[in-house]
Amino acid sequence: MNTPNPAGNAIVAEQLVKHFGDVKAVDGLDLTVPFGTVFGLLGPNGAGKTTTVRILTTLLRPDSGRATVAGIDVVKHPDEVRRVMGLTGQYSAIDEYLTGLENLSMVGRLYHLPHGYVKERSAELLERFSLADAADRPVRTYSGGMRRRLDLSASLIGRPSILFLDEPTTGLDPRSRQQMWEVISDLVADGTTVLLTTQYLEEADQLAEKIVVIDRGHVIAQGTSDELKTQVGGDRLEVVIHSGSNLDDASTALRALADGDVSLDAVTRRITAPVSGGSTILVEAVRALDVAGVSLDDISLRRPTLDDVFLSLTGHAAEEVAADSAKPTRGRGRARKGAE
Amino acid sequence: MATTPAPEQMKRPMFGWLLHDGFVVTQRNLIATTRVPEVLFFSLVQPVIFVLLFAYVFGGAIPIPGADPAAGAAAYREYLMPGIFGQTVAFASAASTVGLAEDMQKGIIDRFRSLPMAASAVLFGRTASDVLRQVLVLAVLSVTGLIVGWRIHNGFIDAVCAYLLLLLFAYAVSWIGCWIGLHMPNTETANTAGLVWLFPLTFLSNAFVPLTGMPPVVQTIAEWNPVSAVVLACRELFGNPTGYISDAWPQQHPIAYTVGSCGLLILIFATLAVRKYRQSA
């Protein structure tokens with residue numbers, strides 16, 4: 001395929017805007033992804049991740065702003081962009097009546113690749129993704145994890161230098177997710193530039209070198225996972241209150257020790273407070289809670305996770321929002337006209 | 001990770017790729033058909049049931065003007081078969097509507113749109129495969145017709161022309177079906193919307209009853225309905241009873257009108273559908 005200029009950036013977006021009716025799905029988004037990196041686009045449902053990916057992969061035209069992939073303008077030369085990139089969407093975009101092999105060879109032929117190459121490459125990918133045994137079975141007999149791997153294989157058939165993965169592990173069981181992670185890590189070792197969207201903070205933490213956090217259509221923070229955690233600062237004191245004790249008493253006691261806002265989850269009876277002062281704070285916390293007459297199930301001190309980053313940046317937890325804007329009124333694969 | 005070296009994409013003129021990609025999509029649709037034989041089976045059963053119902057329930061009650069009264073129900077069956085052919089191929093468009101809606105809902109259209117393929121190949125492949133399926137449907141129907149007493153009287157060439165006209169008509173309505181399918185939010189809606197317009201289209205025609213019994217306004221609509229033209233053309237080409245032929249131009253020149261109206265429909269709806277496909281996002 002086309003060899004991109006290694007000096008430039010793989011993906012650049014400048015002030016992208018996309019509305020759906022009154023909803024601003026993408027609202028002045030900027031993005032720069034260097035070649036050869038794994039870039040995580042992190043945010044809750046409705047943050048604009050999918051819309052951004054759809055613009056970058058030529059499936060949607062932005063209302064305004066500019067974007068290039070491998071230096072090629074996505075609005076002016078969509079066909080050339082399609083030649084250098086691969087896309088694996090949120091839902092497996094494969095034909096379930098065709099076999100795994102037929103799916104790959106169809107996509108290879110539509111990439112306009114030579115017949116012999118498509119044959120060889122399909123066999124290689126099926127082998128690599130542990131699908132060789134299922135190659136001649138219709139896809140409708142595949143498990144969810146197998147479908148995702150086949151979908152990913154289809155995106156890789158033309159050896160794209162830039163790969164877009166839109167929530168590649170959403171809906172997968174933990175084992176399949178682990179497998180996907182391994183596959184993605186291999187790709188990166190291979191030099192492919194990957195833009196990955198996810199609502200799983202753990203996933204971004206594990207795979208992406210650089211993370212951009214977006215909310216309501218624009219970037220609210222970016223950096224490496226460590227940088228983001230440092231940005232939030234300090235440690236986290238996490239306390240689980242015994243069911244016999246009063247949650248409000250406990251949070252009042254902890255608020256006095258915290259550096260910032262204390263968050264409280266009434267269901268799990270968990271209180272999280274940003275703190276500093278290392279292990280001595282643990283002792284102080286236990287003493288304060290004891291004075292308040294609160295008994296504990298658990299208490300711990302930890303480094304901030306990306307969840308904490310999200311909470312401190314947006315004022316709400318990632319998963320909370322995900323649950324609120326629970327999507328699909330329109331069935332699989334057609335969330336495109338929704339807010340995201 | 002891979003050992004196969006990165007390939008060069010092949011070079012071909014744009015039109016060559018449209019044919020190539022259209023062929024790939026057609027092949028994919030036809031393979032999918034063979035994987036769900038139930039769907040194909042029931043799409044064959046339905047017109048056969050129509051033949052039997054019309055031939056044996058309505059047959060004796062509908063006199064065919066100009067046919068020998070002594071022939072009675074037998075004449076109606078000869079009259080009926082081209083009507084059933086016309087109605088059945090019209091329903092090919094519903095397959096296009098549902099097929100496209102399903103591909104959109106499952107995200108396959110997104111996959112196609114992210115590939116450097118000729119965009120309209122998805123639509124050309126869809127209409128081509130839906131028409132090719134009609135070849136099988138027409139074969140099964142013809143055999144059914146022969147069993148109930150329908151015959152081809154005018155020789156091989158005329159019969160081939162009749163079948164080609166039917167396929168041309170199927171191709172035209174298949175493009176209308178595509179255009180409808182691209183507007184569908186999901187397959188459930190497509191299942192209904194793909195069918196509703198076909199009932200007035202096929203019944204406001206000479207497919208099952210002669211035009212003579214219709215009120216004037218309805219008769220005029222039926223005279224200009226392309227279904228009436230293709231059905232009348234088939235009756236003439238097969239040598240079956242034609243019933244009453246009015247003075248309206250499409251009735252006097254059914255073959256020319258079929259070719260002309262189908263050409264116009266293809267031009268209009270292929271343009272609309274391709275434009276909608278490129279925009280839809």
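How many residues does the contact take from chain B and from chain A?

## The contact

The contact (heavy atoms within 4.5 Å) takes 38 residues from chain B and 49 residues from chain A. This is a predicted model, where local features need pLDDT of at least 70, side-chain atom pairs count only at pLDDT 80 or more, and totals for chains, interfaces and linings use all residues. Residues are numbered from 1 along each chain as its sequence is written, chains are lettered from A and ligands numbered from 1 in the order in which they are written, and side-chain values use heavy atoms, with hydrogens and water left out.

About 4400 Å² gets buried between chain B and chain A, with 55% of that area from carbon and sulfur atoms. Buried area here is the accessible area (1.4 Å probe) that two parts lose on being put together, summed over both.

Chain B and chain A share five salt bridges, a salt bridge being a side-chain nitrogen of Lys or Arg within 4 Å of a carboxyl oxygen of Asp or Glu. Lys106(B) and Glu96(A) pair up this way through their side chains, at 2.9 Å from N to O.

## What chain B brings

On chain B, helices H1 (14-35), H4 (92-105) and H5 (108-113) each put at least two residues into the side touching chain A. Helices are DSSP runs (H or I, at least four residues), numbered from the N terminus. H1(B) gives the largest share of that side, 10 residues.

## Domains of chain A

Chain A splits into domain 1 (9-229 + 330-337) and domain 2 (234-303), with bounds from an automatic or database domain assignment. Taken over C-alpha atoms, the centres of these two domains of chain A are 40 Å apart.
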